[in-house]
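Dear colleague,

I am passing on the structure we talked about, together with some notes on what turned up in it. Please have the sequence and the coordinates open while you read.

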Amino acid sequence: MRLSILQSQPHTIKRWPRMDASFHRRKDKVVVIMGATGSGKSRLSIDLATLFPFSEIINSDKMQVYRGLDITTNKIPHAQRRGVPHHLLGDVDPEHGEFTPADFRHRAGDLIEDISSRRNLPIVVGGSNSFVHALLVENFDPHFNVFHNEGLISSELRYRCCFLWVDIAFPVLSQYLRDRVDDMLHSGMVQELAHFFHPDPPSPTALGLRKAIGVPEFDRFFNKYPPSMGLGLGLWDRDRDRAYREAVRAIKDNTCDLAHRQIGKIQRLKRAGWELRRIDATEAFRLVLTSGSHVWETQVLEPSVKIVKRFLME
Ligand code: ATP
């Protein structure tokens, strides 16, 4: 599969010994990996957790916190987690109502305390900037969306944070995201969504996960052509084929829009004084798209490792 190149590969960088870690670890230190959807954050988190083997990952993608829709929401598969502990990844029952930024602050805050108390390193990874903001600011007001009013984003944080922002030139990222949707379709996304489909409007308690990109787009398709009609391609008439293509096109467009909004929010946090270290992954991605080779290790992983080492030794 084309995108497997972005899976974690064995690398040549040396692991940081656990002894050094216990010596240098300060209780309130957190590594935070930010970036738009599809920018390689999960891969970087696994690579870093492998090199700093006292790390535990806390997911901060607001759709991936829920149980279910693993393909549609792009959860990193178990086989690729390399034994690294993951928290808040598929742990929340979607039937228990929407998991809010305030819930995330509370649950992820407890996790950071627990992970730190074991002298391990929490790595927060995910594209939901409202979650990251809620978790990290010293004073959080759940009734107020700071992204609607830039002047009000505080840079006073309750942990010592090392921010890595994986950034990719937008034309390269959007091409990659469109290809990724095709790969997700090949991996069984439509079957997963057919299983999740419900002909009635969503109950208020099921709203959270039903907002995932893919659900509304395919609900429209399944309302016209219910899964009971069968999913096998080839038996379809032209209208059904057109409706399917329309759903796929909408997913691709909405994913690119999401990435664009996420990058906008990250830039706002940076302008507000958050010390984000930008790692440019454009070349690594461009090469994945064109020739299949990659420069991930030299252009993304090595600079990230340097930044994290310096942070741990501060
Ligand atoms: P907002 O304030 O817009 O909610 P945010 O930073 O809190 O932004 P985002 O991660 O940008 O959260 O998610 C916004 C929307 O994007 C979600 O409500 C959902 O529709 C879609 N989305 C986000 N992550 C995923 C995902 N992993 N899979 C599918 N859809 C997603």
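The notes below go from the chain as a whole to its charged side chains.

Please keep in mind throughout that this is a predicted model, and that the values given here are computed from it.

The protein chain has 11 helices and 6 strands, and of its 314 residues 52% are buried. Among the contacts in the chain with a separation of 6 or more, 80% are between residues 24 or more positions apart. The chain exposes about 15,000 Å², and carbon and sulfur atoms supply 51% of that area.

The structure holds 18 salt bridges, and a few of them are described here. In one of them the side chains of D28 and R160 meet, with an N to O distance of 3.9 Å. This pair links distant parts of the chain, since D28 lies in the loop between helix 1 (18-24) and strand 1 (29-35) whereas R160 belongs to strand 5 (residues 160-167), 132 residues apart. D28 is partly exposed because its relative accessible area is 26%, and R160, at 27% relative accessibility, also counts as partly exposed.

Another salt bridge joins D114 to R118, with 2.9 Å between the closest N and O atoms. D114 has a relative accessible area of 38% and is therefore partly exposed, while R118 is partly exposed with a value of 39%. R278 and D280 form a further salt bridge, in which the closest N and O atoms are 3.7 Å apart. Here R278 counts as partly exposed at 45% relative accessibility, and D280 counts as partly exposed at 34%.

Salt bridges also occur as a network, in which R178, E246, R249 and D253 are linked.

Which residues form a positive surface patch? The patch is made up of K270, R277, K306 and R310. One of these, R310, is found in helix 11, which covers residues 296-313. R310 has a relative accessibility of 49%, so it counts as partly exposed; the cut-off that matters for this step is that a residue is called exposed when its relative accessible area is over 50%.

Notes
Residues are numbered from 1 along each chain as its sequence is written. This is a predicted model: local features need pLDDT of at least 70, side-chain atom pairs count only at pLDDT 80 or more; totals for chains, interfaces and linings use all residues. Side-chain values use heavy atoms; hydrogens and water are left out. Patches are made of residues with over 30% relative accessible area and no salt bridge: like charges are joined within 9 Å, nonpolar side chains (Val, Leu, Ile, Met, Phe, Trp, Tyr) within 5 Å. Accessible areas come from the Shrake-Rupley method with a 1.4 Å probe; for residues, only the protein chains shown count as cover. A salt bridge is a side-chain nitrogen of Lys or Arg within 4 Å of a carboxyl oxygen of Asp or Glu. Lys and Arg count as positive and Asp and Glu as negative; His and the chain ends are not counted. The place of a charge is taken as NZ of Lys, CZ of Arg, CG of Asp or CD of Glu. Helices (H or I, at least four residues) and strands (E, at least two) are DSSP runs, numbered from the N terminus. Buried means under 20% relative accessible area, exposed over 50%, partly exposed in between (1.4 Å probe, protein chains only). Contact means heavy atoms within 4.5 Å.
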